[in-house]
Amino acid sequence: MKKINVGIIGLGVGFKHLENLKKINKVKKIYFFDFNFKKLNKLPIISNSKNLLKVNNQKEIFQNPDVDLVCICSYDNYHFSHVKESLEHNKHIFVEKPLCLTSNELNFIKKKVIQKKNIFLSSNFVLRENSFFKKIKKKIKNNYFGKIYLIEANYNYGRLEKIVNGWRGKIKNYSATLGGGIHLIDLVTQLTNKKLKSVISHGNNISTKPYGLKFFDCVSSIIRCSDESTIVLISNFGSITPHHHVLKIFGTKATAIYDLNNFLLINNKNKKKIFKFRGIKNLKTKNLKDFINKILSNKRNDKKTLFKEKNDLIKITQHCLEIDKSIRSKNWRKI
């Protein structure tokens, strides 16, 4: 059986990846690093395992020819430098969103990805693996909704204290779109295959301004699609709510609603009858496992999917960057 060696940079959410990787039989060795040496040395990891290898310098991951794949789980403002290092050392990349923070960084990544055709790139878009959304995708494909004319999507962070007291609040011009809304943009495009055409956005920092923070913690966007349908996207980091997402799909034949763990369908045959779905599964670890399986696969369809994944990630990142630019320009921008 083919196996892969993985390096992890950052052990916040990266620790969850480590726990997941330990269970994947196609993973041989796991190298891990965190800038916080106190955290690194106190982690409850079996230190005598020959397959779990703590390193004291990130270069020991990037420059190690034994490492095939790097999981980038560092703070957002380090992602680009870690992606760049991974690409330059010919490593596959699984990066926590966002891929990067600026158009210049994204353009660099695009050029490198074109040059390195057999290096693959993916991100942890966990909403793709929600079983309700998989049902919705099939129904969209089978024309259950008719023509979809409006989609409302909210990313409600609900953890204001983590912004004020954590690393997000220390990043200059932190992007709520790249840090949160990107999940919904990815989900909507995956479900519907809609082509986004243009966007206009507005932002405010009413929730975080009293704490001295200056970035927009609430961003509202209207997105026009090529078929003239509309997406309303809100990245709301100051919400007094549990952390959750909202997705509402309005079609000429049916409506789907996902809000606060309610999964609902309504169709035009009986608008008073609401179909409620229970037992919804969120397979959050599946993205990484599937990515590894495809990297090791010799199947043409798997390689084709990997090429599409990295192109989709670049495109989704570009969409989010344009959303943020439209706030500053106060005009519609091509997306």
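Author: Two residues are in contact when they have heavy atoms within 4.5 Å. The model discussed here is predicted.

Reader: Which residues does Leu 184 touch, not counting residues up to four places away in sequence?

Author: Start with the place of Leu 184, which is helix 8 (residues 176-192). Neighbours up to four places away in sequence are left out. The residues that Leu 184 then touches are Leu 127, Ala 153, Asn 154, Tyr 155, Leu 233, His 245 and Val 246.

Reader: Is Leu 184 buried or exposed?

Author: The relative accessibility of Leu 184 is 1%. Buried means under 20%. Leu 184 therefore counts as buried.

Reader: How many Å apart in space are Leu 184 and Lys 281?

Author: In sequence, Leu 184 and Lys 281 are 97 residues apart. In space, the C-alpha to C-alpha distance is 18 Å.

Reader: Is the crossing of helix 9 and helix 10 left-handed or right-handed?

Author: The two helices pack at an angle of about 125°. The hand of their crossing is left-handed.

Reader: By class, which residues does the contact of helix 9 with helix 10 have?

Author: Helix 9 brings Phe 291, Lys 294 and Ile 295. They meet Asp 302, Lys 303, Thr 305, Leu 306 and Glu 309 in helix 10. By class, that contact has 3 nonpolar, 1 polar and 4 charged residues.

Reader: How many aromatic pairs does the structure hold?

Author: Rings pair if their centres lie within 6.5 Å. By that rule, the number of aromatic pairs in the structure is 18.

Reader: Are the rings of Phe 80 and Phe 108 stacked or edge-to-face?

Author: The ring centres of Phe 80 and Phe 108 are 5.7 Å apart. Their planes stand at 85°. Planes over 60 degrees apart count as edge-to-face. So the pair of Phe 80 and Phe 108 is edge-to-face.

Reader: How many residues apart are Phe 80 and Phe 108?

Author: This pair links distant parts of the chain. Phe 80 is in helix 4 (residues 79-88), and Phe 108 is in helix 5 (residues 103-115). Their separation in residues is 28.

Reader: Is Phe 80 buried or exposed?

Author: Phe 80 has 16% relative accessibility. The limit for buried is under 20%. Phe 80 therefore counts as buried.

Reader: Which residues form one aromatic cluster?

Author: Trp 167 is in this cluster, and at 21% relative accessibility it counts as partly exposed. Tyr 174 is also in it, and at 6% it counts as buried.

Reader: Is the peptide bond from Lys 97 to Pro 98 cis or trans?

Author: Pro 98 is found in the loop between strand 5 (92-95) and helix 5. Omega of the bond from Lys 97 to Pro 98 is near 0°. That bond is cis.

Reader: What is phi of Asn 261?

Author: Asn 261 sits in the loop between strand 12 and strand 13. Its phi is positive, in a residue other than glycine. The value is near 65°.

Conventions: Residues are numbered from 1 along each chain as its sequence is written. This is a predicted model: local features need pLDDT of at least 70, side-chain atom pairs count only at pLDDT 80 or more; totals for chains, interfaces and linings use all residues. Side-chain values use heavy atoms; hydrogens and water are left out. Axes are lines fitted to C-alpha atoms, for helices over the stretch in contact, and angles run from 0 to 180 degrees between N-to-C directions. Helices (H or I, at least four residues) and strands (E, at least two) are DSSP runs, numbered from the N terminus. A crossing is left-handed if the near helix is turned anticlockwise from the far one by less than a right angle, and right-handed if clockwise. Ala, Val, Leu, Ile, Met, Phe, Trp, Tyr, Cys and Pro count as nonpolar, Asp, Glu, Lys and Arg as charged, and the others, Gly among them, as polar. Rings of Phe, Tyr and Trp (its six-membered ring) pair if their centres lie within 6.5 Å; planes under 30 degrees apart count as stacked, over 60 as edge-to-face and the rest as tilted. Buried means under 20% relative accessible area, exposed over 50%, partly exposed in between (1.4 Å probe, protein chains only).
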